[in-house]
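Visitor: I would like a brisk tour of this structure. Please take my questions one at a time.

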Amino acid sequence: MQKDLDFLKNKLKNSFDVKYREVHTALGEATIVFIDVLCSTQFISEYIVEPLTQIKENINTEDDVLKKVLNINILGFSKDQEDTLLHVLSGDVVILFNDFQKVIYCETKGFVRRGVGTPITEAVVKGPREGFTEAFVDNVTLVRRRIKNANLKFEPLYVGNASQTVVCLSYIEGLAPKELIDEVREKINSLDYEFILDTNYIEATLRANKTVFDTVGYTEKADELCAKILEGRVAVMVDGTPFVISVPYFFLENFQTPDDYYLNRYFTSFTRILRWLAFFIAMFLPALYVSLVTHHFSILPSSFVFRLAVARAGVPFPIVAEVIIMMILFQLIKEAGLRLPQPIGTSMSIVAALILGDAAVGAGIASKITIIVVAISTVSYFLIPKLYGSVSMWTILITATSALYGLPGVVLMGMILIAHLGNLNSCGYPYLFPLGSLKSYKFKDIFFRGSLDKISNGIIKKDDKNDIEEKVN
């Protein structure tokens with residue numbers, strides 16, 4: 001045991017929060033090792049130190065200590081020195097007896113954690129408001145409360161050579177495809193990181209390469225994650241972050257919100273159509289404006305052309321440069337409002353948009369109609385927040401192409417966009433699924449929200465991977 005104790009002291013030296021408590025017992029001297037900022041010191045005193053000092057004469061082995069002395073739910077023997085060190089770093093107490101060969105560990109976690117609250121990034125009008133926290137054990141609790149299924153599995157993995165961060169796979173055995181589980185597990189185990197601090201470290205290896213579209217889903221809401229797990233997907237929790245990712249993730253899910261399934265079906269379908277409309281407005285409106293004014297102004301009403309010419313009189317930039325400059329300015333305002341403290345950021349965004357827009361028109365840098373077009377396009381972004389980054393980048397690209405080729409350029413970029421989306425996959429599943437397989441899935445939950453009884457039965461079954469690939473191809 002002295003060798004194990006020396007190993008711990010060498011590894012944990014120069015750490016003020018590591019405590020070594022020597023205890024005299026009837027079995028000889030024992031040393032308790034723990035990190036006090038991660039453990040409950042009161043629990044250690046009552047349920048470890050006190051029982052050890054009162055050991056009776058009929059206790060002779062390590063097994064007797066576990067069975068008759070320590071009244072703790074989670075305890076056992078360490079496998080080796082590295083396992084002992086990991087237990088200490090994870091917030092457990094390890095007990096080393098001078099005359100015994102095995103090291104005992106006991107779970108006594110008592111660190112400070114944030115309470116379950118309302119997710120800021122996913123506000124809902126109606127429905128559950130519980131959100132995940134940075135402690136993955138709390139996240140497991142939120143999922144367990146909602147899914148009372150013996151086949152619900154939480155498989156722990158350790159990632160990061162230096163951080164040894166807990167990464168937890170969650171799925172329903174027999175419902176989630178085994179090939180999907182194996183693929184996710186293999187990719188996570190193959191990670192060679194020194195440390196990971198967020199789910200994005202895991203997303204980087206699961207998402208499709210060379211695209212700005214998210215092919216891995218993420219959420220802070222427990223009810224949304226449970227719905228995905230019940231559909232046969234695999235969730236990945238990372239200790240230290242409230243965002244939980246899930247795969248596979250499909251393009252159509254960007255137009256769905258958590259409260260779609262808690263509000264009136266017909267109103268939800270209407271709002272979902274609005275999101276689709278906002279997507280096309282945000283993506284193509286600036287490009288259509290540039291192409292019509294630059295190449296196809298003859299098809300516009302003469303009165304509108306006259307007003308446009310008057311509005312653009314004195315603007316020194318070509319129409320495409322004017323539009324792109326204003327789009328970039330709106331992006332700057334958005335980013336500034338996002339990064340500043342919330343009370344300041346909201347006010348700053350409103351004031352900056354009003355002042356810059358009015359000043360740009362007054363200085364002759366942009367015309368009023370350009371400000372209106374870019375503003376409508378920017379507002380449309382916010383109806384589809386999960387597509388904000390990808391749409392904003394593609395909009396600039398499509399707008400630049402429309403300035404060169406007009407409406408044919410817009411159509412060409414639209415075809416390239418569809419081809420790009422159709423070429424993506426999420427852990428082996430087509431990203432545009434279920435488009436291309438309408439005969440089987442019909443319209444359960446695509447453009448219109450289907451009835452809940454059909455949605456509840458629309459799970460991803462074991463053999464669906466090959467089936468949907470054949471239908472899409």
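Visitor: How many helices and strands are in the protein chain?
Guide: Keep in mind that this is a predicted model. Both kinds of element occur in the protein chain. The count is 18 helices and 12 strands.

Visitor: What percentage of the residues in the protein chain is buried?
Guide: Buried here means under 20% relative accessible area. The protein chain has 473 residues. The buried part of them makes up 47%.

Visitor: Among contacts between residues at least 6 apart in sequence, what share joins residues at least 24 apart?
Guide: A contact needs heavy atoms within 4.5 Å. Take the contacts in the protein chain whose residues are at least 6 apart in sequence. The share that joins residues at least 24 apart is 67%.

Visitor: What part of the accessible surface belongs to carbon and sulfur atoms?
Guide: The accessible surface of the protein chain is about 24,200 Å². Carbon and sulfur atoms hold 59%.

Visitor: Is Asp 63 buried, partly exposed or exposed?
Guide: Asp 63 sits in helix H3, residues 62–69. Buried means under 20% and exposed over 50%. Asp 63 has 35% relative accessibility, so it counts as partly exposed.

Visitor: How far apart in space are Asp 63 and Gly 76, C-alpha to C-alpha?
Guide: In sequence, 13 residues separate Asp 63 and Gly 76. From C-alpha to C-alpha, the distance is 9.2 Å.

Visitor: How many disulfides does the structure hold?
Guide: A disulfide is a covalent bond between the sulfur atoms of two cysteines. Cys 106 is buried at 0% relative accessible area. Cys 427 is buried too, at 2%. The number of disulfides in the structure is zero.

Visitor: Which helix or strand supplies the largest share of the lining of the second largest pocket?
Guide: The second largest pocket has about 1,100 Å³ of space. Its lining has 33 residues, and those closest to the centre are Ser 90, Lys 109, Tyr 158, Val 166 and Asp 239. Elements that each supply at least two lining residues include strand S6 (152–159) and strand S7 (165–172). The largest share, six residues, comes from H4.

Visitor: How many residues of that lining are nonpolar?
Guide: Seven residues of the lining of the second largest pocket are polar and seven are charged. The nonpolar ones number 19.

Visitor: Which residues does Ser 392 contact, leaving aside neighbours within four places in sequence?
Guide: Ser 392 lies in helix H14, residues 388–405. At 8% relative accessibility, Ser 392 is buried. Beyond those neighbours, its contacts are Gln 331 and Tyr 381.

Definitions and conventions: Residues are numbered from 1 along each chain as its sequence is written. This is a predicted model: local features need pLDDT of at least 70, side-chain atom pairs count only at pLDDT 80 or more; totals for chains, interfaces and linings use all residues. Side-chain values use heavy atoms; hydrogens and water are left out. Helices (H or I, at least four residues) and strands (E, at least two) are DSSP runs, numbered from the N terminus. Buried means under 20% relative accessible area, exposed over 50%, partly exposed in between (1.4 Å probe, protein chains only). Accessible areas come from the Shrake-Rupley method with a 1.4 Å probe; for residues, only the protein chains shown count as cover. A disulfide is a pair of cysteine sulfur atoms within 2.5 Å. On a 1 Å grid over the protein atoms alone, a cavity is a set of points where a 1.4 Å probe fits but cannot get out, and a pocket is an open set with protein on both sides within 12 Å along at least five of seven lines; lining residues have an atom within 4 Å of a point. Grid points are joined across faces, edges and corners, and a volume is the space filled by probe spheres set on the points. Ala, Val, Leu, Ile, Met, Phe, Trp, Tyr, Cys and Pro count as nonpolar, Asp, Glu, Lys and Arg as charged, and the others, Gly among them, as polar.
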